[in-house]
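Please read them alongside the coordinates.

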Amino acid sequence: MRKARTIRRAVSKALDELSLKSHLNTTHTETARTRQAYANLDALIRSKAEIYKRSTFCVIPPGDSAITTRIFSAVASVCIPVFLVPTRFMPFPLSVDWAAISIYIDPLKLLKFEMAPDAKKASLNMRNPLAIMQQLMEKEPARVRAMQAKLSEARWHLLYHDGNASAHYTGPARTVPSAGAALARELVAAAATRQAQVGILLIMHFSFLIVLSTLMPAPPRHWARNPLSPGHSTSPIVAGT
């Protein structure tokens, strides 16, 4: 949790610097001012929703865990997520191609950039890791639009609805995707994986028993006789008789 707070502070500083050195408008300071709206929760939610809706990129620093509400807010607003955690931790990977709709930035690079003195940044020509957002908007606008189009389709996999949202859905799927269907798909895949793992363990167990039985020495010949069978003598065996 302490590391997450450090990363969030580094994100704020990097955004401040990016805003000063470019024409990009960053809104993290605006979100800070919305603390005044906590007295009215509805106003706070609406204010944050508007910020997400008018943003092209949304930096998603880690929270108490890798998955935070920021992810769902950004995707629902078709705001391209800029993750500081690997996308393998994102929800519903079987339904959402996170690599195609998001950007990943190594948080260690961001921390090193913010901890470096200004003189060192200038001498080493250190680049702000968050400057990739400016680069994409200025040099690759077609890629940005393509990511937004894929994001508009992917967001349905993170929305819970009752199936009556077909009027608003324009994607290629025959049925409207939903978070419920995505969750069911993950559970089925997890069950199949678990079943396969149990099958492998059973095969290994029986293989071990077969190998063990071949390595064990044969029992003495007189063990083969049933002591309760007729005609079996219960007298002790005397050596040399």
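1. By class, which residues make up the lining of the second largest pocket? The lining has five nonpolar, three polar and six charged residues. In this count Ala, Val, Leu, Ile, Met, Phe, Trp, Tyr, Cys and Pro are nonpolar, Asp, Glu, Lys and Arg are charged, and the others, Gly among them, are polar.

2. A word on the basis of these notes. The model is predicted: local features need pLDDT of at least 70 and side-chain atom pairs count only at pLDDT 80 or more, while totals for chains, interfaces and linings use all residues. Residues are numbered from 1 along each chain as its sequence is written, and side-chain values use heavy atoms, with hydrogens and water left out.

3. The protein has 10 helices and three strands, in the order α-α-α-β-α-β-α-β-α-α-α-α-α along the sequence. Helices (H or I, at least four residues) and strands (E, at least two) are DSSP runs, numbered from the N terminus. Of the 241 residues, 32% are buried; buried means under 20% relative accessible area, exposed over 50%, and partly exposed in between (1.4 Å probe, protein chains only).

4. The second largest pocket has a volume of about 280 Å³. Its lining comprises 14 residues, with Glu17, Lys21, Met126, Arg127 and Asn128 nearest the centre. Helix 1 (2–21), helix 7 (118–124) and helix 8 (132–139) each contribute at least two lining residues. A pocket here is an open set of points on a 1 Å grid over the protein atoms alone, where a 1.4 Å probe fits, with protein on both sides within 12 Å along at least five of seven lines; lining residues have an atom within 4 Å of a point. The volume is the space filled by probe spheres set on the points, which are joined across faces, edges and corners.

5. There are two salt bridges, each defined by a side-chain nitrogen of Lys or Arg within 4 Å of a carboxyl oxygen of Asp or Glu. Glutamate 50 pairs with lysine 53, with the closest N and O atoms 3.8 Å apart. These two residues are about one helical turn apart because they are three residues apart in helix 3 (residues 41–53). Glutamate 140 pairs with arginine 143, again with 3.8 Å between the closest N and O atoms.

6. Two residues other than glycine deserve a backbone check. Valine 78, with a positive phi of about 55°, lies in the loop between helix 4 (69–76) and strand 2 (80–83). Phenylalanine 92 has a positive phi near 55° and lies in the loop between strand 2 and helix 5 (98–101). Phenylalanine 92 counts as buried because its relative accessibility is 12%.
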